[in-house]
Amino acid sequence: AIVKAVLAPEPRARVPDAESNLGNIVRNAADGRSLSEAEAAEVSQFLEQHLTCIVNLFRDELENLENGVYKFPYDLNPATAPASQWNPVDVFELSRDTLTDQSDVSKRRDSKQGQELLEKFAPDPERYPAYYLQNFHYQTDGWLSSDSARLYDFQVETLFLGSADTMRRQVLPYVSRFVNTFHATNGGNDGAGLNVLDVASGTGRFLTFLRDNWPAANYTALELSPHYLEATRVNNKRFENVSSDCGTLTLVEANCEQMPFDDASFDAVTNVYLFHEMPKEARRNAAKEFARVLKPGGKLFFVDSAQVGDGKFLGMEKAFDQALERFPQFNHEPYYRDYSLTDLRQLFGEFGLVAEEEPTVAWVSKCWAFTKKEAVEEAAGAEAETAREVVEPVMVDDADEAAKAR
């Protein structure tokens, strides 16, 4: 299928969206029912279309690299890449530990233990909000252990067939245009003079790509998990004392709903793969905080899962939407469905963050840039809140029941 995708980049003919029943076909197959020849062909077409999207994603990245939009990724060069990606011993250990952990993940999924970590830990409820205390993806320890942080990047790249970093990097063209405009007005280069806040840094992986491209900027990494914040520190050690012009990195352990920063203190905020793991009100609180800490004219660079309707950019809208509907049931993502229906323009716009460009849909991710405008009147915000439809997350096993609940 990969060879076909490479040699023939256009998806082959598929079942029309109106006749697609892919979600139920896959669900029934998972329950042990054999597929008919027609059903197997539809599943095959679906998978080939997705593989084609991945190949096209890599082609888009290659075009960005050839045009000098951003640098060749440091971690793809054996001379500068972390040992964990190229050293056979390190790769073997990560692979072994990931496979071992996947056995536990499967058991957790089968028994639907999405909050198992509460049996192992006694987290401070004032430090960690209730929605945070989940075994998202049924992963061991949720976000609350060093083992989880050590395996996370390898697990994510495996899940997305080696395309996770490439999807994240599709927001870099937006960043590049912003930095070029900043330097054209203020002088300097390599991000000098910019203060950038990376919210929910995780292991700091995306932050390394920012710092590799714009090393003179000053960065702040905000992360709620102390274990993942430590991973951010370790992954960013490569940028310490590289040159006298190298910018600083400040690590902050805090909740993004109440960030310990002054108003208008950052030129840019970046946020990657956070919102789909937050309930509605928490997302709204975070969006408000993003706007508060941004300077007027500052930018929010946002990356998260693609949403309902985005499949139209890939030529497979209904099948794509069916996959989005079933993904949270398989991976314990209790807030994902609600996120997938959220109007991000409206959410960020309520707080003066305006999308001046169209988003980029990079396979199953969406990349976007929002500009901080003047303060929005409280009355206008209240009116928008009243007008917005409330869609609460639904966690059920049966797709038909989910449809009725909505």
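Colleague: How many residues does helix α12 have, and how far does it reach from its first C-alpha to its last?

Modeller: This is a predicted model, and in it α12 runs over residues 280–293, which gives 14 residues. The helix reaches 20 Å from end to end, close to the 20 Å expected at 1.5 Å a residue.

Colleague: Which residues of α12 are buried?

Modeller: They are A282, R283, R284, A286, A287, E289, F290, A291 and V293.

Colleague: What does F290 touch?

Modeller: Not counting residues up to four places away in sequence, F290 touches V199, M259, V269, N271, F275, L300, F348 and L353. Two of those partners, F275 and F348, come up again with F290 in the largest nonpolar core: these three touch the most other members. That core has 90 residues.

Colleague: Why would nonpolar residues gather like that?

Modeller: In soluble globular proteins, nonpolar side chains tend to be buried together.

Colleague: Stepping back, how many helices and strands are there in the chain?

Modeller: The chain has 17 helices and eight strands. It holds 406 residues, and buried ones make up 51% of them.

Colleague: And how much of the contact count comes from residues 24 or more positions apart?

Modeller: Such pairs account for 73% of the contacts with a separation of 6 or more.

Colleague: Is α10 mostly covered or mostly open?

Modeller: Mostly covered, as nine of its nine residues are buried. They include charged residues such as R205, R211 and D212, along with F206, L207, F209 and L210.

Colleague: What about T203, where does that sit?

Modeller: T203 is in the loop between β1 and α10.

Colleague: Why does T203 count as buried?

Modeller: Its relative accessible area is 3%, and buried means under 20%, so T203 falls in that class.

Colleague: Which residues is T203 in contact with?

Modeller: Leaving aside neighbours within four places in sequence, T203 is in contact with A149, Y152, D153, Y228, A231, T232 and N235. As for E223, it is 20 residues from T203 along the chain, and their C-alpha atoms are separated by 9.0 Å.

Colleague: How do the lining residues of the second largest pocket divide?

Modeller: Into ten nonpolar, nine polar and eleven charged.

Colleague: Now the cavities. How many are there of 30 Å³ or more?

Modeller: The count comes to three.

Colleague: Which residues line the largest cavity?

Modeller: The lining is V175, F178, V179, L194, V196, L210, W214, A217, Y219, A268, T270 and F301. One of these, L210, is also among the buried residues of α10.

Colleague: Which elements each supply at least two residues there?

Modeller: α9 and β4 (266–272) do, and α9 gives the largest share, three residues. By kind, the lining of the largest cavity divides into eleven nonpolar, one polar and no charged.

Colleague: Changing topic, what is the phi of K112?

Modeller: Near 55 degrees, which is a positive value in a residue other than glycine. K112 is found in the loop between α5 (88–110) and α6 (117–120). At 46% relative accessibility, K112 counts as partly exposed.

Colleague: What is the phi of L161, and where is its place?

Modeller: The phi of L161 is near 55 degrees, and L161 is likewise a residue other than glycine. Its place is in the loop between α7 (146–159) and α8 (164–169).

Colleague: Is L161 buried or exposed?

Modeller: L161 is exposed, with a relative accessible area of 52%.

Colleague: Last one: where is N189, and what does it touch?

Modeller: N189 lies in the loop between α9 (172–186) and β1 (195–199). Not counting residues up to four places away in sequence, N189 touches H183 and A216. N189 and A216 are 27 residues apart in sequence and 7.6 Å apart in space, C-alpha to C-alpha.

Definitions and conventions
Residues numbered from 1 in each chain as written. Predicted model: local features only at pLDDT ≥ 70, side-chain atom pairs only at ≥ 80, totals over all residues. Heavy atoms only, no water. Helix = DSSP H or I, 4+ residues; strand = E, 2+ residues; numbered from the N terminus. Buried < 20%, exposed > 50% of the residue type's maximum accessible area, 1.4 Å probe, protein only. Contact = heavy atoms within 4.5 Å. Expected span 1.5 Å × (residues − 1). 1 Å grid on protein atoms, 1.4 Å probe; cavity = no way out; pocket = protein on both sides within 12 Å on 5 of 7 lines; lining within 4 Å. Points joined across faces, edges and corners; volume = space filled by probe spheres on them. Core = buried A, V, L, I, M, F, W, Y, C linked by side-chain atoms within 4.5 Å.
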